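Subject: Structure handover, aromatic contacts

Hello,

Please find the structure below. My notes on its ring contacts follow it.

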Amino acid sequence: MKILSGSPQADKAQTPVISLDWTECLDKRPTDRTSDDLDTIFSKLKDVKAFEKFHPLLIQQLCYYSYFEYLEKGVTLFRTGDLGANWFAILSGSVDVCVPAENGKGHTLICTLEAGAAFGESILYDTPRNATVITSAVVMLLRVEQKDFKILWERNKQYMHGVITSLSRLTNTLDPKRRASEFDPSLLPQVASSKFLKDDPTRNPALPIVPAASVRIQHAAYVLRTCILSKAPQMIRDRKYHLKMHRSCLVGSEMVDWLIHQSPIVHSRSQAVGMWQALLEEAAIAHVSQEHYFKDKYLFYRFSGDEDGKMIRPSSTEQNASEEQLNDVILTLAQVGPDAMLRMILRKPPHERTIDDLEIIYDELLHVKALSHLSSLVKRELAGVLIFEAHPFKGEILFSQGDEGKSWYIILKGSVQCSIYGKGVVGTLHE
């Protein structure tokens, strides 16, 4: 099939992302796609507006299993009663969903599916198609073959909510007697709620990961608080929100603004977020109700010790000393901020991670020597499922000999000892 780079009839807002370079990568068989091919495809798909409701992990899998199709208006993708061979996701354009008319002549239009719609799930059960689908405009879409979609489904079905358009449901609405396929979107597994993780410090990035801040972080928080009270005292004040008073707190977005203006070392808002998160993960600052990790938003945070609202103002001597130390503190936080940002992302439940989050994890995995033999696709999949665990105390047991294994580990920092019953320690594994 000849691949075109675009069409004046296609949606102008989406056509620019459909270009020859990456669609050629999608023409290859999945097993022939290189790491560079997958990176090229992903860099384009993640920016396609039509796929904004697709979970990043699902987009990653589409990079590996899908093929690109460009179809003119009036092309029939499949007919009612056909045994399907493909699943489709529309990049741009639209398709009409029809069923045979009652008089046996022509078709009755049920609806029109536009960019972002995905359909054709009956291939999971080898059941006949419930409708006829015809392109109603120039269409650009991704096509996944049956054998590959079954793999895609098993790996990502918890993320299919809000993505799949069930043709069986559409046709049943028109005619309840019409045979339904075995697929029912209501049977899709719900994405697990993160509420049960609320009190788990290793899984909730809004909670500190250590019982008390280190001397270095305590000092950094003291210097920042003192300088804020000296230069912008209006930032720390009592605030009322939803009829509740929060004492001596700051706004996250204002904290980012302030830090950026203190030093050219802080060159982006995301960098500043990581620096404040480094304080939050050691309890030097906290969200007022411990519901949020540090975010560049209108959320309230306060320094440790200010909970009672009794503000102790620093003396002029303390202010002068803190201002002299501010640059060194900012340099220290700039060094630890990226690691704090990574830990924060790894503590999020996988279904809450954004595409930017996955890119940060993936970039970090590229530098892990122990993973250098893994393909780009495997590293991208790991970015979506790795979960952070903190074990700050020496002697903690990850698992014992004879246990049924449920986890796989990568050491980011520190070391673990391996022992065998009767033989003692047989080796040490490092980061």
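To begin with a charge and a ring: the charged end of Lys295 is placed over the ring of Tyr293, 4.8 Å from the ring centre. Note that this is a predicted model. A second case of this kind involves Arg129, which lies over the face of Phe78 at 4.0 Å from the ring centre.

Next, the pairs between rings. The count of aromatic pairs comes to 13. One of them joins Trp87 and Phe149: the ring centres are 4.7 Å apart and the planes meet at 20°, under the 30 degrees cut-off, so the pair is stacked. This pair links distant parts of the chain, with Trp87 in strand E3 (residues 86–92) and Phe149 in helix H4 (residues 146–156), 62 residues apart. Trp87 and Phe149 are both buried.

Another pair is formed by Tyr241 and Phe300. Their ring centres are 6.0 Å apart and their planes stand at 80°, over the 60 degrees cut-off, so this pair is edge-to-face. It too connects distant parts of the chain: Tyr241 belongs to strand E9 (residues 237–241) and Phe300 to strand E12 (residues 300–303), 59 residues apart. Are these two residues buried or exposed? Tyr241 has 43% relative accessibility and therefore counts as partly exposed, whereas Phe300, at 5%, counts as buried.

Finally, there is a cluster linked by ring pairs, made up of Trp276, Phe294, Tyr301 and Phe303.

Regards

Methods: Residues numbered from 1 in each chain as written. Predicted model: local features only at pLDDT ≥ 70, side-chain atom pairs only at ≥ 80, totals over all residues. Heavy atoms only, no water. Phe/Tyr/Trp six-rings, centres within 6.5 Å; stacked < 30°, edge-to-face > 60°. Helix = DSSP H or I, 4+ residues; strand = E, 2+ residues; numbered from the N terminus. Buried < 20%, exposed > 50% of the residue type's maximum accessible area, 1.4 Å probe, protein only. Lys NZ or Arg CZ within 6 Å of the ring centre and 35° of its normal.
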